[in-house]
Amino acid sequence: VDLTSVVTGVLGYHGGMIADRVRTDAFRRAIAEVVRPGDVVIDLGAGTGILALFACQAGAARVYAIEAAQVIHYARELIAANRAEDRICLVEGSSYDVTLPEPADVLLSETLWHFGLGEGIVGAIDDARRRLLAPDARIIPRSITLVAAPIESDAAYAPLERWAAAGKYDVDLSVLRAHETNATHQVDAHESELLAAPKTLVTLDLARGANAELDAEVAFEAARDGVLHGLAGWFRAQLSSSVDLTNGPPRRTTSWTHVLFPMEQPVRVRAGEALTWRLQTTANGTAWRWRTNVRAQSAGLRSVASDQSTIWAAPSPGSASARRSAGFRPTLSAEGRIEAFILRQFDGRRTVSEVEAMAKGEFPTSDRIGDRVRALASRLSE
Ligand SMILES: C[S@@+](CC[C@H](N)C(=O)[O-])C[C@H]1O[C@@H](n2cnc3c(N)ncnc32)[C@H](O)[C@@H]1O
């Protein structure tokens, strides 16, 4: 283990978040507003324990600080150095595996991703709400709103253009570009880059219980001519009645950027043109699918309907061992479709040459169909 990189990685990440004054001050103010003297508090995903320490400042009697990662050992030092070890109980592990000796009055969690969901906040809070909280417990954040807007941004799209289809080293790189266009990207979207006013996709009420399986559609109208590079998303989190926190443009947070759901290709749009965008997420915010429809209304522009998903960002499970694994879901390859068609025609009535003619009609560009029919007939018929 390279200790230096572990230390710089962990402290760099958590130190960066603590140094983000907009983020950390907002949580501190919300905690001061919501936590009452004597409360039992859970800090879900405690990191260094900074929010647990804020809960002590607000008068909490006890804080259960749950953390799954190695940073918990730094939290232990920080809590001891701030003489809070008698009030903060560190619980190592995933919140899903934790049981506590008493129900909590307040749950706080800063497990927000750049686009709200994505670090599993909805599922983790829902699980804790059902198992670890008193009835009517208060939750920080109480809700999360997801917001998106179409953007024109050469800078945000630059990583995708690296995979130019031709011209570089005489190698066709487009197969890898297709993976990158199905990935989400962290970008900085500026107000001047928005092609339409931002729209709310959904508000998730964490206090009452929200569903992480999101399926939302929004419509936009281009406010100006431009080139659509994708949709940028960010969040607004209501931390308490008077404190909310957003990373929306103009971005003031340093620990969150925006998320770009890129187009497969940049698309020229004109002012007034309609655009619909459907966004789905599953697996507690870790897999995304986005479908974009641009209806061209002026000559020279093209309509576009794209369907993209982070599922396709991963490399194809092309290796034989991946295809033999228990969790692999096979679909028929082009070859498989031809063989399945041929086998379906073996009904005891058709001759080999009739089956060959049918298969040639169905797959006119495929060669050696006759050989295949005869090979399958000799191997798999009676
Ligand atoms: C974004 S950091 C925030 C850390 C700290 N609360 C702060 O505000 O500086 C989120 C932390 O939550 C932890 N985490 C996320 N989900 C968790 C879960 N379900 N159970 C335990 N820890 C979790 C991660 O390991 C990470 O350290």
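Are Phe115 and Trp288 buried or exposed? Hold that thought for a moment, everyone, while I cover the ground rules.

What you see is a predicted model, where local features need pLDDT of at least 70 and side-chain atom pairs count only at pLDDT 80 or more, while totals for chains, interfaces and linings use all residues. Residues are numbered from 1 along each chain as its sequence is written, and side-chain values use heavy atoms, with hydrogens and water left out.

Back to our pair. Phe115 is buried, and Trp288 is buried as well; that word means under 20% relative accessible area, with exposed being over 50% and partly exposed in between, using a 1.4 Å probe and protein chains only. For Trp288 the figure is 3%.

Now the rings. Searching the whole structure gives eight aromatic pairs. Rings of Phe, Tyr and Trp (its six-membered ring) pair if their centres lie within 6.5 Å; planes under 30 degrees apart are called stacked, over 60 edge-to-face, and the rest tilted. Phe115 and Trp288 make a tilted pair, at 5.5 Å centre to centre and with 40 degrees between the planes. Phe115 sits in the loop between β4 (104-108) and α5 (121-131), and Trp288 in strand β14, so this pair ties together parts 173 residues apart in sequence. Helices here are DSSP runs of H or I with at least four residues, strands are runs of E with at least two, and numbering starts at the N terminus.

Trp288 has another partner in Phe261: that pair is edge-to-face, 5.7 Å centre to centre, with 65 degrees between the planes. Because Phe261 belongs to strand β12 (residues 258-269) and Trp288 to β14, the contact links parts 27 residues apart in sequence. Phe261 has 0% relative accessibility, so it counts as buried. Zooming out, Trp113, Phe115, Phe261, Trp277, Trp288 and Trp290 form one aromatic cluster.

Let's follow β14 into its sheet. Four strands form an open, antiparallel sheet in the order β9-β13-β14-β15; two strands pair if DSSP finds at least two bridges between them. Why are β9 (215-221) and β15 (304-309) each left without a neighbour on one side? They stand at the edges, each with a single partner strand. Neighbouring strands are turned by 10 degrees against each other on average, direction ignored; the axes are lines fitted to C-alpha atoms, for helices over the stretch in contact, and angles run from 0 to 180 degrees between N-to-C directions. Between β14 (residues 287-295) and β15 there are six bridges, and the two run antiparallel. In this part, Arg289 stands opposite Ser309 of β15.

On to some backbone details.

Asp136, in strand β5, has a positive phi of about 65 degrees without being a glycine, and Asp136 is exposed at 77% relative accessible area. Asp170, in the loop between α6 (154-161) and α7 (174-180), has a positive phi of about 55 degrees, and Asp170 is exposed at 80%.
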